[in-house]
Amino acid sequence: QHTICVCVCLQDVVFSVNYRPSESVTVSKGQELVPPCKCDSHKQLTRGELSAKQTGVYTLIFDNTYSK
């Protein structure tokens, strides 16, 4: 089990987690474990935990493309 802590200085960020059984599978074909959610981590620390249930590639996605 791993603990994830996110702190962004200026803006909020959209966070999600994707799982793929191997690197040969693209992220777009992977399984969404944590759907995209907006984190106001510039206001307070955002914390979460993820338990890897199976071997594979877990991708943590931080997206702030909508921020100005």
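Predicted model: local features only at pLDDT ≥ 70, side-chain atom pairs only at ≥ 80, totals over all residues.

Trainee: How many bridges join E2 and E5?

Mentor: E2 and E5 are paired over seven bridges in the antiparallel sense, and within the sheet Arg 20 stands opposite Val 57 of E5.

Trainee: Which residues make up the largest nonpolar core?

Mentor: The general idea is that nonpolar side chains tend to be buried together in soluble globular proteins. Here the largest nonpolar core has five residues, namely Val 13, Phe 15, Val 17, Cys 39 and Leu 50. Strand E2 (residues 13-20) contributes the most to this core, giving three residues.

Trainee: How many aromatic pairs does the structure hold, and how should I describe their geometry?

Mentor: For each pair, read the distance between ring centres together with the angle between planes, where an angle under 30 degrees counts as stacked, one over 60 as edge-to-face, and the rest as tilted. The structure holds two aromatic pairs. In one of them, Phe 15 and Phe 62 lie 5.1 Å apart centre to centre with 50° between the planes, and the pair is therefore tilted. This pair links distant parts of the chain, since Phe 15 belongs to strand E2 and Phe 62 to strand E5 (residues 57-63), 47 residues apart. Phe 15 is buried, at 11% relative accessible area, whereas Phe 62 counts as partly exposed at 42%.

Mentor: Tyr 19 and Tyr 58 form a tilted aromatic pair as well, at 4.9 Å centre to centre and 50° between the planes. Because Tyr 19 lies in strand E2 and Tyr 58 in strand E5, the pair ties together parts that are 39 residues apart in sequence. Tyr 19 is buried, with a relative accessible area of 7%, while Tyr 58, at 24%, counts as partly exposed.

Trainee: Is Asn 18 buried or exposed, and what lies 3.1 Å from a polar atom of its side chain?

Mentor: Asn 18, which lies in strand E2, is buried, with a relative accessible area of 7%. A polar atom of the Asn 18 side chain lies 3.1 Å from the backbone oxygen of Val 27. Leaving aside neighbours within four places in sequence, Asn 18 is in contact with several residues, among them Val 27, Gly 30, Gln 31, Val 57 and Tyr 58.

How values were computed. Residues numbered from 1 in each chain as written. Heavy atoms only, no water. Core = buried A, V, L, I, M, F, W, Y, C linked by side-chain atoms within 4.5 Å. Buried < 20%, exposed > 50% of the residue type's maximum accessible area, 1.4 Å probe, protein only. Helix = DSSP H or I, 4+ residues; strand = E, 2+ residues; numbered from the N terminus. Phe/Tyr/Trp six-rings, centres within 6.5 Å; stacked < 30°, edge-to-face > 60°. Polar contact = N/O pair within 3.5 Å; in protein donor to acceptor, adjacent residues only side chain to side chain. Contact = heavy atoms within 4.5 Å. Pairing = 2+ DSSP bridges.
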